[in-house]
Amino acid sequence: MKSHGYAAHDAKSALVPFDFERREPGPKDVVVEIAYCGICHSDIHQARNEWNQSIYPMVPGHEIVGHVSAVGAEVTRFKVGDRAGVGVMVDSCRVCPNCKANAEPYCEKGMVGTYNAKDYDGNLMFGGYANNIVVDERYVHTISPKLDLAAVAPLLCAGITTYSPLKHWKVGPGTKVGVVGLGGLGHLGLKFAHAMGAYVVQFTTSESKIADAKKLGADEVVITKNADEMAKHAGTLDFILDCVSAPHDLNEYLNLLRLNGVLCLVGLPEVPLPVAPFAIVANRRSLSGSMIGGMAETQEMLDYCAEKGIVSDIELTTVDKLEEAYARVVKADVKYRFVIDLASLKK
Ligand code: NAP
Ligand code: ZN
Ligand code: ZN
């Protein structure tokens with residue numbers, strides 16, 4: 001099937017218009033005409049080969065929303081015209097214990113990523129900075145008509161990546177939660193932790209974000225360079241969700257955890273982050289990590305957002321301004337997620 005989008009051809013150059021082919025839709029496939037796609041920091045890490053695993057040409061984008069334009073004969077959950085969302089993965093083996101436990105991101109065969117990945121037949125996958133996408137309906141999500149479609153897009157990656165660990169570690173009333181980094185992931189982590197009933201402390205390097213953090217649900221905001229503000233929370237947090245995209249000192253945050261506290265990394269800086277043994281031995285702390293979430297949990301998160309009226313705070317942008325958007329994300333200067341209006345592809 002013919003597709004058109006924007007691609008990176010190497011780690012250094014700007015993304016440029018790109019014509020390519022996707023597979024012909026099969027009986028279980030849904031074709032989504034893409035309306036909006038979020039810009040995740042992972043798009044930038046990968047377009048610029050910061051994780052040393054990039055495959056070019058690369059059409060980034062895994063926060064995809066739009067409308068169904070065609071369905072295969074065996075598709076049961078979608079019809080033409082329906083809203084649909086596609087996130088970070090588009091296939092998995094479906095039979096391993098992790099897939100069977102609805103934990104498809106941890107598929108033993110390896111999940112098939114939406115882009116910068118090959119499917120099980122070896123075909124290169126292309127993401128959502130494009131006019132359309134073909135995906136097996138098992139990996140497509142339904143979206144409530146109650147929510148603003150553009151503002152839903154970031155839920156497909158940033159939303160589920162923060163919702164899943166907050167649920168896994170049972171954040172709720174009576175827990176004191178720290179969210180580190182107020183970016184795309186962080187601002188949704190903050191909204192979710194607040195909505196789940198936790199007491200939330202937002203950690204940020206940006207003084208300009210203090211007022212927003214409070215509006216988004218933070219009970220307290222800490223400017224991380226102020227040692228006395230950090231020290232005030234030493235040994236008191238039950239759970240910390242670390243959403244920082246760049247290298248930073250984990251030990252400063254580990255020291256804030258109480259007995260049995262957990263620091264969960266969702267941010268993926270490109271270098272190892274040293275851990276001081278004393279920082280985890282004290283208070284029997286745990287350092288963990290988490291990926292997106294399974295298909296069922298992603299749908300649960302989208303339905304929870306419809307019920308609670310949660311969406312991303314977004315800045316709409318266009319395909320001709322990708323470089324500017326990337327530069328601003330890297331500077332932590334976006335409130336709080338860029339979303340590409342794919343109607344701009346037609347111009
Ligand atoms: P983002 O919008 O750029 O947010 C990152 C935030 O980190 C910034 O807003 C900033 O917050 C803080 N930050 C940036 N540079 C920093 C530095 N040098 N020191 C301290 N803090 C800094 O990125 P995102 O899209 O939310 O993604 C965050 C990370 O999660 C990325 O590494 C991304 O690849 C990763 N990710 C992982 C998964 C997963 O499955 N685990 C899924 C999606 C994304 P303040 O201004 O508040 O300090
Ligand atoms: Zn992402
Ligand atoms: Zn599997």
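**Close-up views of a predicted model**

**View 1. D43 sits in helix α1 (residues 41–47).** Helices (H or I, at least four residues) and strands (E, at least two) are DSSP runs, numbered from the N terminus. This is a predicted model: local features need pLDDT of at least 70, side-chain atom pairs count only at pLDDT 80 or more, and totals for chains, interfaces and linings use all residues. Residues are numbered from 1 along each chain as its sequence is written, chains are lettered from A and ligands numbered from 1 in the order in which they are written, and side-chain values use heavy atoms, leaving out hydrogens and water.

D43 is buried but has no salt bridge. The nearest side chain of opposite charge is R337, 7.1 Å away. (Lys and Arg count as positive, Asp and Glu as negative; His and the chain ends are not counted.) Buried means under 20% relative accessible area, exposed over 50%, and partly exposed in between (1.4 Å probe, protein chains only). A salt bridge is a side-chain nitrogen of Lys or Arg within 4 Å of a carboxyl oxygen of Asp or Glu. Beyond its neighbours within four places in sequence, the contacts of D43 (heavy atoms within 4.5 Å) include H62, Y115 and Y326.

**View 2. Three residues coordinate the zinc ion (ligand 2).** The donors are C40 (SG), H62 (NE2) and C157 (SG), at 2.0 to 2.2 Å. Donors are N, O and S atoms within 2.8 Å of the metal (3.2 Å for Na, K and Ca); water is not among the atoms, so sites may look incomplete. The donor spacing in sequence is C-x21-H-x94-C. C40 lies in the loop between β3 (29–38) and α1, and H62 in the loop between α1 and β4 (64–71), 22 residues apart. C40 is buried at 2% relative accessible area. H62 is buried too, at 5%.

**View 3. R94 and D136 meet in a salt bridge.** The N to O distance is 3.2 Å. R94 is in the loop between β6 (89–91) and α2 (97–100), while D136 is in strand β8 (residues 132–136), 42 residues apart. R94 is partly exposed at 30%; D136 is buried at 10%. A network of salt bridges links D91, R94 and D136.

**View 4. E74 and K28 form a salt bridge of 2.8 Å, N to O.** E74 is in the loop between β4 and β5 (83–86) and K28 in the loop between β2 and β3, so the pair ties together parts 46 residues apart in sequence. E74 is partly exposed at 44%, and K28 at 42%.
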